[in-house]
Amino acid sequence: MAKGLQGFSWTMLLLFCAIQELGAWAMHTAVEGAGLGQPGDPALLAGGRVKRGWVWNQFFVVEEYTGTEPLYVGKIHSDSDEGDGSIKYTISGEGAGTIFLIDEITGDIHATERLDREQKTFYTLRAQARDRQTDQLLEPESEFIIKVQDINDSEPRFLEGPYIGSVAELSPIGVIRTAVADLDRETQDRYEVVIRATDMAGQLGGLSGSTTVTIVVTDVNDNPPRFPQKMYQFSIVETAPVGTAIGRVKAEDSDVGENTDMTYQVKDEEGVEMFKVTTDSNTQEAVITVQKPLDYESKKVHTVVVEALNKFVDPRFVDLGTFRDQTIVRVSVLDVDEPPEFRPPSNLMEVQEDADVGSVVGVVTALDPDTANHPVRYAIDRSTDAERIFDIDANTGAIVTGKVLDRETAGWHNITVLAMEADNHSQVSRASLRIRILDVNDNPPELATPYEAAVCEDAKPGQLIQTISVVDRDEPQSGHRFYFTLAPEATNNHHFSLLDIKDNTAAVHTQRMGFNRQEQDVYLLPILVVDSGPPALSSTGTLTIRICGCDSNGAIQSCNSTAYVVSATLSPGALIALLVCILILVVLVLLILTLKRHHKSHLTSEDDEDMRDNVIKYNDEGGGEQDTEAYDMSALRSLYDFSEIKGGDGGGGPGEGGPSGNPASELHALPQWVQSPDLDFSVFRDYICRKVEQADEDLSVPPYDSFQTYAFEGSDSPVPSLSSINTWSSGSEQDFSYLGGWGPRFRQLAALYAGRRGEEDSEES
């Protein structure tokens, strides 16, 4: 078949070439036979006709030539060519010299390459005829076209294939006709169709091309959801918390995409109360969760009806049937070992505060909810009762007091009671218990404060002095009621009276006219207070009443009897004069101290080392007169010239024990200061003596062997020494005989002072 077509094509090609040659020859003959002159003949040009110098027709070449020799295209010829070879023919333009070659002598044009009309349909060239000797143009340059003739060498092609189309299932008949009335995507979701195209109107020798068209059948919601099973079974423990997932079920749908979206719901009343169904948007599954606590002992199996329905229903297919389905889900509740449960849940108990230790406060009860009903044991969480105020019977749950109660200390107690299985203490329940301590009248009433009142000396009978109230730590349910009266020891009192106001307060009034604070400035009034019980308790409080001086308006000025005496003996002018004297004395003392400080600044370095200007404090207890190591007395003795003092008036002669070695003679060696008769330091002397007496009477002060210096003692002081070392002199009125009872360490000190005292008495006698 193919060989026959190829032979037919070559036959047609040869026939076409022959017709072309004959046409060119006929045109050439016609031109020559017309007897036209040479180009440029004036006679011809005068006649108005233009001589055609070129002889050719339009050229054609067949595409896809497969011969071995160059394909003859045509011949260009000038009518001036006499055939002697004097004219040279040349061509230029598209493909000249490469695709198309020309014979310079004959003007024949041949194609040397295989041409393809689908790539290029024609070529434009220019022809020239020149004199071979002079290379001058014999004819004007002329343009000619070589057309490429088409042959049936390309089959039809589908440029955009393969093709994909779609059609919805159950669609009516349209452009693409179906062989069946109802396409079902669930049966077959796509079809592939091969389409063929043939040229030459399908005649023999024509070429053809084919492509594939894929037809996709799109989905519509024409299938309802269906559960694969009519019953599902799940199990869950009874202690599962609310919200726990029990299981998942899923209804199948043959559709795809959003046509498979569905919702689930519980249809039966019992299931709605106990369980909840939600839809997993990713998997379209029904998730069943617990909505209410489960109890194995109450119900062991629950039956739930779950319904699935399409979310998007196509109204065009409602006549196909209902788009929903139901299934039964059985939920089995599994038993677990649960801790005991307290019954009833009351958490308040009461007990009197005077209850004996071991008294029963109340009883708690707990039961094992399991079917085995194990025995229960009880205990108290000691972290809530660290003081062990309460105890509990491990078997009966009876709570008893473990210590004496006191409502005033703690009126409420919060404890935690534990209930556990006897054979499994890990199963524990806790219950909070509040215990209220009921009040008992065990505290007597007392005065609210230590009352003190003041009365003017010129007070009148019946005058209100003080209103008193009481406090009671008890809190009886009926409220407080107190009774006031004077204590039995105040029955003979004729100065004051007590009135019970009946509102838990009492008033104290004066009973006589006028008081004298010089005779008695303070009165103590005992008051007896009794509560309403039961039992009735009482206490006695004391009201302190001070007698005060008042002005004419009754305003209290002073309640001190000493101040009253001073004010009675001194007039205001005398008091002012006394204050002025004291002020002058203070200024004088300050002046003396300033002069003394100025004088000390000019002392020599020897005077600056006066040991008496240094206050030395020891924290150890001295050993008395026999202790010669605690303090070096030679440092103090070296400050004075004892030889000069002994020879003076104040020195001790033989009669005074100077050379006899008596310790008292060592005391005579201290310098004796002469008091200036112009200065009176009695105020400061009294102050220092008072401080010395306070130190002597303070038993907590240890007997330190240290020297105390005072501001008035020093070099060139006009006042005598105030040191306790010189208290044995005649100015001392103290009796030191008691030093003999202080032990061996103070024996010499006692002999020293007692002996010196005896000598002074003998001299005075």
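This is a predicted model: local features need pLDDT of at least 70, side-chain atom pairs count only at pLDDT 80 or more; totals for chains, interfaces and linings use all residues.
Start with the core. The largest nonpolar core takes in 25 residues, and Phe227, Ile246, Tyr264, Phe275, Val306 and Val329 have the most contacts inside it. Strands do the supplying here: E13 (231–237), E14 (245–249), E15 (262–266), E16 (275–280), E17 (285–290), E18 (301–310) and E19 (324–334) each give two or more residues to this core. In soluble globular proteins, nonpolar side chains tend to be buried together. Tyr264 is worth a look on its own. Leaving aside residues up to four places away in sequence, Tyr264 touches Phe227, Val249, Ala251, Val277, Ala286, Val306 and Ala308, along with Lys250, Thr279, Gln284, Glu285 and Glu307.

Next come the rings. Searching the whole structure turns up six aromatic pairs. One of them is Phe59 with Phe144: the ring centres are 5.4 Å apart and the planes sit at 75°, so this pair counts as edge-to-face. It ties together distant parts of the chain, with Phe59 in strand E2 (residues 59–62) and Phe144 in strand E9 (residues 142–149), 85 residues apart. Phe59 is buried, at 3% relative accessible area, and Phe144 is buried at 3% as well. Phe515 and Tyr523 also pair edge-to-face, because their planes meet at 65°, with the centres 5.9 Å apart. Phe515 is buried at 6% relative accessibility, and Tyr523 is buried at 8%.

Lys120 lies over the face of Tyr123, 5.4 Å from the ring centre, while the charged end of Lys300 sits over the ring of Tyr296, at 4.8 Å from its centre.

That leaves the salt bridges, and the structure holds 22 of them. Arg343 and Glu341 meet at 3.5 Å, N to O; Arg343 is partly exposed at 41% relative accessible area, and Glu341 is partly exposed at 36%. Asp385 and Arg382 meet at 3.0 Å, N to O. Asp439 bridges to Arg407, with the closest N and O atoms 2.9 Å apart. This one spans distant parts of the chain: Asp439 is in the loop between strands E28 (424–438) and E29 (446–447), and Arg407 is in the loop between strands E26 (398–401) and E27 (412–421), 32 residues apart. Arg407 is buried, at 13% relative accessible area. Through shared partners, salt bridges join Arg407, Glu408, Asp439 and Glu475 into one network.

Notes
Residues are numbered from 1 along each chain as its sequence is written. Side-chain values use heavy atoms; hydrogens and water are left out. A nonpolar core is a set of buried Ala, Val, Leu, Ile, Met, Phe, Trp, Tyr and Cys residues joined through side-chain atoms within 4.5 Å. Buried means under 20% relative accessible area, exposed over 50%, partly exposed in between (1.4 Å probe, protein chains only). Helices (H or I, at least four residues) and strands (E, at least two) are DSSP runs, numbered from the N terminus. Contact means heavy atoms within 4.5 Å. Rings of Phe, Tyr and Trp (its six-membered ring) pair if their centres lie within 6.5 Å; planes under 30 degrees apart count as stacked, over 60 as edge-to-face and the rest as tilted. A charge sits over a ring if NZ of Lys or CZ of Arg is within 6 Å of the ring centre and within 35 degrees of the ring normal. A salt bridge is a side-chain nitrogen of Lys or Arg within 4 Å of a carboxyl oxygen of Asp or Glu.
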